[in-house]
Amino acid sequence: MERDMRVLVVEDEALLADAIAEWLRDDAHAVDVVYDGDAALERLAVHDYDVVLLDRDLPVVHGDDVCRSLVGSESSARVLMLTAAAEVGDRVSGLTLGADDYLSKPFAFAELAARVHALGRRARPASAPTLVRGGIRLDQARREVFRDGHYVPLSRKEFGVLAELLRAEGAVVSAESLLEKVWDEHADPFTSAVRLTILKLRRKLGDPPVITTVAGVGYRLP
């Protein structure tokens with residue numbers, strides 16, 4: 001049986017927020033609830049959450065800004081973004097911000113709970129051996145990356161993408177595979193999150209470039 005998780009619900013519609021919390025508590029999770037973005041940032045600075053259910057249109061501090069802050073930190077929490085907007089463009093932009101999954105309102109509570117479980121399984125991956133290739137050394141347990149002995153600070157997504165490329169041992173990894181393994185199996189396949197993350201990763205790893213794009217196929221680390 002999967003362990004229970006600590007979940008933060010960030011939703012300005014109090015009745016909806018409380019209903020979500022009650023449903024997840026019945027599912028054996030510990031759930032905290034806040035109703036604006038500023039309160040969310042305060043909680044995130046104090047507690048270590050497995051999953052954050054984040055409404056996009058929040059008062060005080062917008063949900064997009066909360067998401068950016070969380071992704072830019074060292075938190076391992078996964079973000080499930082909630083919004084009334086259902087257009088593909090809205091889903092893509094939300095995932096590009098760094099959200100791991102996206103659920104449009106109205107939604108079924110059973111689906112919400114299933115997605116929380118899916119994200120929770122990926123929130124704290126087990127430690128893996130150190131991966132070394134092309135002058136890059138990645139320590140999964142300590143979440144540290146070095147290139148030619150120099151420390152390279154990476155975001156959670158950048159770290160995850162680099163780890164997948166290293167595990168491939170020179171083989172090409174498709175954008176779809178990276179999206180599924182590093183983000184979430186429910187992620188929109190048309191999001192540009194993978195491409196943007198690769199661009200940032202290349203910049204941080206420096207010259208000479210080590211990540212190769214194989215046109216129409218994916219990416220590899222020779």
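Author: A residue is called buried when its relative accessible area is under 20%, exposed when over 50%, and partly exposed in between, using a 1.4 Å probe and protein chains only. Helices (H or I, at least four residues) are DSSP runs, numbered from the N terminus, and the part to look at here is helix H8 (193-205). The model is predicted, with local features needing pLDDT of at least 70 and side-chain atom pairs counting only at pLDDT 80 or more, while totals for chains, interfaces and linings use all residues. Residues are numbered from 1 along each chain as its sequence is written, and side-chain values use heavy atoms, with hydrogens and water left out.

H8 has 13 residues and reaches 18 Å from its first C-alpha to its last, close to the 18 Å expected at 1.5 Å a residue, where the expected span is 1.5 Å times one less than the number of residues. The buried residues of H8 are Ala193, Val194, Thr197, Ile198, Leu201 and Leu205. They lie on the same side of H8 because they cover an arc of only 130° around the axis, the arc being that of the directions from the helix axis to the C-beta atoms. After H8 comes glycine 206, with a positive phi near 80°.

H8 also gives 5 residues, the largest share, to the lining of the second largest pocket.

Key
Helices (H or I, at least four residues) and strands (E, at least two) are DSSP runs, numbered from the N terminus.
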